[in-house]
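Q: I'm new to this one, could you walk me through it a piece at a time?

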Amino acid sequence: MPRFSVVVPVHAVEEYLPECLESVLTQSFTDFELIAVDDRSPDGCGAILDAAAARDSRVTVRHLPENVGLGPARNAGAELATGDYLVFLDSDDTLTPGLLADTDARLRATGDPDLLVFDYARSYWDGRVTRSASAPVFARPGAEVFTLDERRDLLDLLQVAWNKAYRREFLLRHGLDFPPGYYEDTPFTYPALLAAERITLLDAVGVHYRQRREGGNILATASRKHFDVFAQYDRVFAFLDTRPDLDRWRPVIYRMMLGHLATVVSKPGRVPAGDRREFFRRAAEHCARHRPAGYRPAPGREGLRGELLARGNYLGFQGLRALARARRAVRR
């Protein structure tokens, strides 16, 4: 049984895939398996993966008969995993040298917790590498092993699957897997953080998150698929329904959701312009269904923005954004 199973879902990344695979296979820590899932990639990715498997016995390739999307492709890889811990890596990103060695050392020093979280850096096409703005969270003093109650600042981190190492037995015990659709990380990472009884941090950059010059991020592509965010939060609250002991987190997750929905509808190139009023109608229905009893909005502009969204007030929300832009212009 290997220490780590590195799961890499692959689709239409022929240009970047060799670098991704090399970043795993050249790790100084060698007790791992690399499980690559060819999600019916239309380019040469399948051949690249097969060649890697022929060269290195640690590589296992699974070719899917049809394209299923990022979440189900990760599940297909996790089904084959035999390692103590799972690490998910997107196929256009790279692991940093020494990450698995550092992760193993940290896990052993902390008694193999359920979850280890590491940092990431954005890697730009012009050679710049910039560590995430959440780096202070990792440097903050505190207990080496903790729960989310003790370190709520973990919710300030980017809620993605690929900045963590998950104990496989923990994922199996809680039945955690990825749903289909956009924002598939949301109903996986929140339940993982909430359910983990023992969490630790590794104050190191573990992944270089590629920022493509020509785009390529599906979340920055205008599409009605961004409406998937509602179903993903339905899944988060359905998880909380099964865990009455975690009910204290409902207001926190609800507030995080408001911020996420506001980002989705505000970011250029996500929700098509003609669909934004419908998004607000859906948001009002969605928030009414999940609003915790006695919920109190955050103070200031953040709380007002969240309430306008939760009430489906499209014109008020847009007016608040226009006012914020005007204030920034005046300051400049």
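What follows is a short chat about a few parts of this structure.

A: Before we start, this is a predicted model, where local features need pLDDT of at least 70, side-chain atom pairs count only at pLDDT 80 or more, and totals for chains, interfaces and linings use all residues. Residues are numbered from 1 along each chain as its sequence is written, and side-chain values use heavy atoms, with hydrogens and water left out.

Q: Okay, strand S1 then: how many of its residues are buried?
A: Seven of the seven residues in S1 (residues 4-10) are buried, where buried means under 20% relative accessible area with a 1.4 Å probe and protein chains only. Strands here are DSSP runs of E with at least two residues, helices are runs of H or I with at least four, and both are numbered from the N terminus.

Q: And which residues sit on each side of S1?
A: Phe-4, Val-6, Val-8 and Val-10 are on one side, while Ser-5, Val-7 and Pro-9 are on the other.

Q: Which strand do seven bridges join to S1?
A: That is strand S2 (residues 32-38), which runs parallel to S1; two strands pair if DSSP finds at least two bridges between them. Within S2, Ala-36 is the bridge partner of Val-8. S1 also pairs with strand S4 (residues 85-88) in the parallel sense, over four bridges, and there Phe-4 stands opposite Tyr-85.

Q: What about H1, which of its residues are buried?
A: The buried residues of H1 are Leu-17, Cys-20, Leu-21, Ser-23, Val-24 and Leu-25. They pack against S1, S2, helix H2 (45-55), strand S3 (59-63) and strand S5 (94-95).

Q: Switching topic, why does Ala-76 count as buried?
A: Ala-76 counts as buried because its relative accessibility is 7%. It is found in helix H3 (residues 70-78) and, not counting residues up to four places away in sequence, touches Val-37, Arg-62 and Leu-64, a contact being heavy atoms within 4.5 Å.

Q: Last one, at what angle do H9 and H11 pack?
A: Helix H9 (residues 250-266) and helix H11 (residues 300-310) pack at about 80°, with their axes 9 Å apart; axes are lines fitted to C-alpha atoms, for helices over the stretch in contact, and angles run from 0 to 180 degrees between N-to-C directions. The two helices are therefore roughly perpendicular, a label for angles of 65 to 115 degrees, with under 35 roughly parallel, over 145 roughly antiparallel and the rest oblique.

Key
Buried < 20%, exposed > 50% of the residue type's maximum accessible area, 1.4 Å probe, protein only.
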